[in-house]
Amino acid sequence: MKKVTYINAHIYNTAARRFECGSLTVENGIIVPVDETCDTVDLGGAYVVPGLIDVHTHGRGGFESTEVSTDEFAKMAYSYAKAGTTSFMPTLMSVPIEQLKSSIDVAVKASAEEKSGAHILGVHLEGRYLNVKKKGAHKPEYLAPLDADELAGLIDRIHTPESKFSRFHITCAPELEGGEAFVKRAVDKGATVSIGHSNATCAECEAAMEWGVIGFTHLYNAMSALTHRAPGCVGAGLSSDAYTELICDGCHVVPEVVRLTYRAKTNEKLVLITDSAPSAGLPEGKYTMGGADVIVSDAAYLLDGTLTGSVISMFKGVKNLSKFAGISIEEALPCATINPARMVGADSEVGSLEVGKRADFIITDKDFSECTRVFVGGEEFE
């Protein structure tokens, strides 16, 4: 791949939280020091933003992470990139253990054969190790005890010669029996762990963070609530230094609470996610997710009205955060770029437009109203 410099652009500076007039040079898919002696492309004053990162998503474009073949995985990755997401972690629902193993294997194989579309950062195992009292849309018959040995075996499946990633993120309910051994084993295996689908007390959450937990999965949703004498998971997430995921579609968390959450966490530890259903990017109607029927309108719902995922893109999530929290796009962007990268240990590769990182970026207009061009690994996505 030849060296190209994109000139006459507003480049997002993550550290400064602002756009700066300048140029961006890409060589062999990597951002390198600016060199205007090579081929140049005039962007006409467009805005250049780090590629958006979704670390919690169950699918998009009609494809589901726990059910796709390798070929379908490529089509799913294509759908993410089309919407401005350049990296993602396929997130696995609670399904039979053999299906979980197969889904992990498919992600590994798809990473080795990665085609045009978003990069696979790793696997997010949301399913199986959850509290049935906070199961949400997960089927109770597929939930299981916290088995550290079983988990270690699942993590080992990503460590093959063909795998292009080594990240494994886990959501669990650490208050269940065996929680300490489970979390510590995960961390020892190099995984990152978040609390989710949990009925833990605030004290139990604080203990889990001592064991190595670094985040909270879709804050507010499917976890013990905040009250003034029993802070629960929500209180622990808001009052700690942990990362907190947030679904910013206005349905899972209303705008007023999004604003409150941003004030508590700022743009240092807030992580935007979509938690998207496979029907994201498709018209409204009836679909399936995790083997269950869902109705898609402003979000995805089970037939009994239970929320089971969003249908927004990360790009829309950034715009919503800006609107709901009353902040600029510049202040909202870290929550969809560098923060998720840091949470799962990928910030040395992606998340900002720094020299040495992968050349994943999107081009937008000044108002961030539209994503006009997408580049993945330095190649423009068509």
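Buried means under 20% relative accessible area, exposed means over 50%, and partly exposed is in between (1.4 Å probe, protein chains only). Keep that handy for this tour of a predicted model, where local features need pLDDT of at least 70, side-chain atom pairs count only at pLDDT 80 or more, and totals for chains, interfaces and linings use all residues. Residues are numbered from 1 along each chain as its sequence is written, and side-chain values use heavy atoms, with hydrogens and water left out.

**Stop one: salt bridges**

Select Arg358 and Asp360. Their side chains meet in a salt bridge, 2.9 Å from N to O; the term takes a side-chain nitrogen of Lys or Arg within 4 Å of a carboxyl oxygen of Asp or Glu. Arg358 counts as buried because its relative accessibility is 16%, and Asp360 is buried too, at 5%. Next, pick Lys3, Glu27 and Asp35: salt bridges with shared partners join them into one network. By this rule the structure has 16 salt bridges.

Now go to Arg157 and Asp105, whose closest N and O atoms are 2.8 Å apart in a salt bridge. Arg157 sits in the loop between helix H3 (148-156) and strand E12 (167-172) while Asp105 is in helix H2, so the pair ties together parts 52 residues apart in sequence. Helices (H or I, at least four residues) and strands (E, at least two) are DSSP runs, numbered from the N terminus. Arg157 is partly exposed at 29%, and Asp105 is partly exposed at 31%.

Then select Lys184 and Glu180, which form a salt bridge at 2.6 Å, N to O. They are four residues apart in helix H4 (residues 179-188), so about one helical turn separates them.

**Stop two: aromatic rings**

Select Tyr6, Phe361 and Phe375, which form one aromatic cluster. Rings of Phe, Tyr and Trp (its six-membered ring) pair if their centres lie within 6.5 Å; planes under 30 degrees apart are stacked, over 60 edge-to-face, and the rest tilted. The whole structure has ten aromatic pairs. Tyr6 and Phe361 are edge-to-face, 5.7 Å centre to centre with 70° between the planes.
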